[in-house]
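Hi,

Here is the structure you wanted to look at before our next chat. Have a look first, and my notes on the two ligand sites follow below.

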Amino acid sequence: MAKKDLDWGNLGFTYIRTDKRYVSNFRDGKWDDGVITDDATIVMSEDAGVLHYAQECFEGLKAYTTADGRIVTFRPDQNAKRMVSTAKRLEMPPFPEERFIEAVEQTVRANADWVPPHGSGATLYVRPVMFATGDVIGVKPADEYQFRIFVTPVGPYFKGGAKPIVIKVSDFDRAAPHGTGNIKAGLNYAMSLHAIVTAHEEGFAENLYLDAATRTYVEETGGANLLFVDKDGKLIVPKSHSDSILPSITRRSIVDVARDYLHLTVEERYVRMDEVENFVEMGLCGTAAVISPVGRINDHGKEISFASGMEKMGPVTQKLYDALTGMQMGDIEAPEGWIHEITL
Ligand code: PLP
Ligand code: COI
């Protein structure tokens, strides 16, 4: 095995085509056996359901190299489960959970040379994706689908790595109340593209979305859940009245780590936008974002600056970051079942 010759320390969050991918097709009411292939392209009908009615969903997880050279993934069973609930909501045939995990194993194993070395700052992003390939012209679910997993080595999601970012409160909505905000459907991200381009043009790294019904409560950003720390060192994570926040696996893991490993007080509750200025630290969490500190929010011209400042993440955020990433990379013992080793 020879690692690829990449500048691991300077990767961004961009697609690099690797050697192998996993593909399984759903036809005649069943998923086929699936194969590992070199072919990174997809040929399908002009009438495929994904092209017209956006019948598509995806997942995101990462593979890491541990200090002793093993390759591990973090809670792939949770991605498998979430993709099943997403598929059901989109009237797609769920890809069986145990097959999802096997497919992740096969894809990562086939691309072992692309898994960044321990301590390099990079990780291997694993992207399962499922889409309707069957013909549809009336609005209805297709009867043929493809499930695919590819991988790409990535660095930090936000430029500047762990430096605090500045975000804005968006006037656009990411998801409708009781719509699809709580599933990982590509259509949610299509909704957010104009908003993110606008935010970037204005100099902001991300959008903070409020609840679409009342614009009173904070929900999440375009690609990550929110974390706040109050002046007593308590961790606060927002809930949604209208079930329109994606149930982040990273956020749920952080809540457990905060309670059980760091012995912090954790509140999962509705968070009003007008109380955010009382918090002292803020972070965005997700597979891609890991924990990215927020230094400032622009709320329609009003600046909300967190006490942790613009130089580095706040002390509680840092503890959470160290504990989470320590577990993900095998430096700290993780709760039972969180670390899934890929045997070579
Ligand atoms: N929220 C949104 C909108 C996302 O796209 C993601 C990314 O997956 C997350 C939250 C974080 O979820 P997870 O921690 O499962 O990656
Ligand atoms: C992830 O964190 O895996 C996501 O899918 C978020 C996306 C913005 C890259």
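**Ligand 1**

Ligand 1 is surrounded by 17 residues, and the closest are Tyr189, Glu220, Ser248, Thr250 and Thr287 (a residue counts as near if one of its heavy atoms lies within 4 Å). Before going on, please note that this is a predicted model, where local features need pLDDT of at least 70 and side-chain atom pairs count only at pLDDT 80 or more, while totals for chains, interfaces and linings use all residues. Residues are numbered from 1 along each chain as its sequence is written, chains are lettered from A and ligands numbered from 1 in the order in which they are written, and side-chain values use heavy atoms, with hydrogens and water left out.

Which side chains make polar contacts with oxygen atoms of ligand 1? Here a polar contact with a ligand is a pair of N or O atoms within 3.5 Å. The side chain of threonine 287 has an N or O atom 2.5 Å from a ligand 1 oxygen, serine 248 places a polar side-chain atom at 2.6 Å from one, and for arginine 82 the side-chain distance is 2.8 Å. On its own, ligand 1 exposes 380 Å², of which the protein buries 96% (accessible areas by Shrake-Rupley with a 1.4 Å probe).

Two or more shell residues come from each of strand 11 (218–221), helix 5 (249–261) and strand 15 (281–286); these are DSSP runs, H or I of at least four residues for helices and E of at least two for strands, numbered from the N terminus. By class, the shell has five nonpolar, eight polar and four charged residues (Ala, Val, Leu, Ile, Met, Phe, Trp, Tyr, Cys and Pro are nonpolar, Asp, Glu, Lys and Arg charged, the others, including Gly, polar).

**Ligand 2**

The residues around ligand 2 are Phe13, Phe58, Gly60, Tyr125, Arg127, Tyr157, Lys184, Gly223, Thr287 and Ala288. Five of them are nonpolar, three polar and two charged. Domain 1 (8–154) and domain 2 (165–328) each supply at least three residues of this shell, with bounds from an automatic or database domain assignment.

The side chain of tyrosine 125 brings an N or O atom to 2.5 Å from an oxygen of ligand 2. From the backbone, alanine 288 has an N or O atom 2.8 Å from a ligand 2 oxygen, and a polar atom of threonine 287 is 3.5 Å from one.

Best wishes

Note on methods: A polar contact is a pair of N or O atoms within 3.5 Å; within protein, one must be able to donate a hydrogen and the other to accept it, and residues adjacent in sequence count only if both atoms are side-chain atoms.
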